[in-house]
Amino acid sequence: MDFLVKPVQANALSWCLKRLRDVLAAPVVLTVRSIAEDRTSVNRLIPLDDILYMESVRNGLLIHTRKETIRTGQTYADIVRQLPNSGRFYECSRGLTVNFSFVSAITENGEILLGEKERIFCSRRKLKETLAAYDNYQFMAMRSDGVR
């Protein structure tokens, strides 16, 4: 994390406390109503650490996790509103949000590699912004010693 240098200035202390509140108050789970195969709706808690990416599809949203893909009838906007504003989750295309903590590389043609298996594509219009956001996320993750 960051540190304060003596003599402590009020604005620096305020900034550090705000950053600490943001990190500690960030949610750790996503609450969704998933749709089961028999068309019943079940409330589920999905740990943010398990989400690879989310994509908007016709009549709902698919949340791709480490273990499974969860279908929900909730809107993309409803789910994104629950995500912490930490730079960890980023909308790289319309209706497609990626978890930067699983990104291993972003290629020049917009291919986002998630681990060894998953590959998604960033829109060409947002590629430059996505690369900048990913670089910023990596910098902040290194700076805060891996605290997401």
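Colleague: Which helix does leucine 20 lie in?
Modeller: The model is a predicted one. With a relative accessibility of 38%, leucine 20 is partly exposed. The helix that holds leucine 20 is α1.

Colleague: How far apart in space are leucine 20 and proline 47, C-alpha to C-alpha?
Modeller: Along the sequence, 27 residues separate leucine 20 from proline 47. In space, their C-alpha to C-alpha distance is 21 Å.

Colleague: Which residue forms a cis peptide bond with lysine 6?
Modeller: The omega angle of this bond is about -5 degrees. Lysine 6 is joined by the cis bond to proline 7.

Colleague: In what order do the elements of the protein chain run from the N terminus on?
Modeller: The protein chain has three helices and 10 strands. The C-alpha trace spans about 65 × 35 × 25 Å along its principal axes. Read from the N terminus, the order is α-β-β-β-β-β-α-β-β-β-β-β-α.

Colleague: What share of the 148 residues in the protein chain is buried?
Modeller: The accessible surface of the chain is about 10000 Å², and carbon and sulfur atoms account for 52% of that surface. A residue counts as buried when its relative accessible area is under 20%. Across the 148 residues, the buried share is 34%.

Colleague: Is threonine 65 buried or exposed?
Modeller: Threonine 65 sits in strand β4, residues 60–65. Leaving out residues up to four places away in sequence, threonine 65 touches Ile46, Asp50, Ile51, Leu52 and Ile70. Its relative accessibility is 10%, so threonine 65 counts as buried.

Colleague: Which residue has its backbone oxygen 2.7 Å from a polar atom of the threonine 65 side chain?
Modeller: A polar contact pairs N or O atoms within 3.5 Å. The distance here is 2.7 Å, and the backbone oxygen belongs to glutamate 68.

Colleague: What is the phi angle of asparagine 59?
Modeller: Asparagine 59 is in the loop between β3 (51–57) and β4. At 64% relative accessibility, asparagine 59 is exposed. Although asparagine 59 is not a glycine, its phi is positive, about 60 degrees.

Colleague: How many disulfides does the structure hold?
Modeller: Cysteine 122 is buried, with a relative accessible area of 7%. A disulfide needs the sulfurs to be within 2.5 Å. The number of disulfides in the structure is zero.

Colleague: Where in the chain is serine 104 found?
Modeller: Serine 104 is partly exposed, at 47% relative accessibility. Its place is strand β8, residues 103–106.

Colleague: What distance separates the C-alpha atoms of serine 104 and glycine 115?
Modeller: Serine 104 touches Leu113, Leu114, Gly115 and Tyr134, with residues up to four places away in sequence not counted. Serine 104 and glycine 115 are 11 residues apart along the chain. Their C-alpha atoms are separated by 5.8 Å.

Colleague: How far apart are the centres of the positive and negative side chains?
Modeller: The protein chain carries 22 positive and 17 negative side chains. The centres of these two sets are separated by 4 Å.

Key
Residues are numbered from 1 along each chain as its sequence is written. This is a predicted model: local features need pLDDT of at least 70, side-chain atom pairs count only at pLDDT 80 or more; totals for chains, interfaces and linings use all residues. Side-chain values use heavy atoms; hydrogens and water are left out. Helices (H or I, at least four residues) and strands (E, at least two) are DSSP runs, numbered from the N terminus. Buried means under 20% relative accessible area, exposed over 50%, partly exposed in between (1.4 Å probe, protein chains only). Accessible areas come from the Shrake-Rupley method with a 1.4 Å probe; for residues, only the protein chains shown count as cover. Lys and Arg count as positive and Asp and Glu as negative; His and the chain ends are not counted. The place of a charge is taken as NZ of Lys, CZ of Arg, CG of Asp or CD of Glu. A polar contact is a pair of N or O atoms within 3.5 Å; within protein, one must be able to donate a hydrogen and the other to accept it, and residues adjacent in sequence count only if both atoms are side-chain atoms. Contact means heavy atoms within 4.5 Å.
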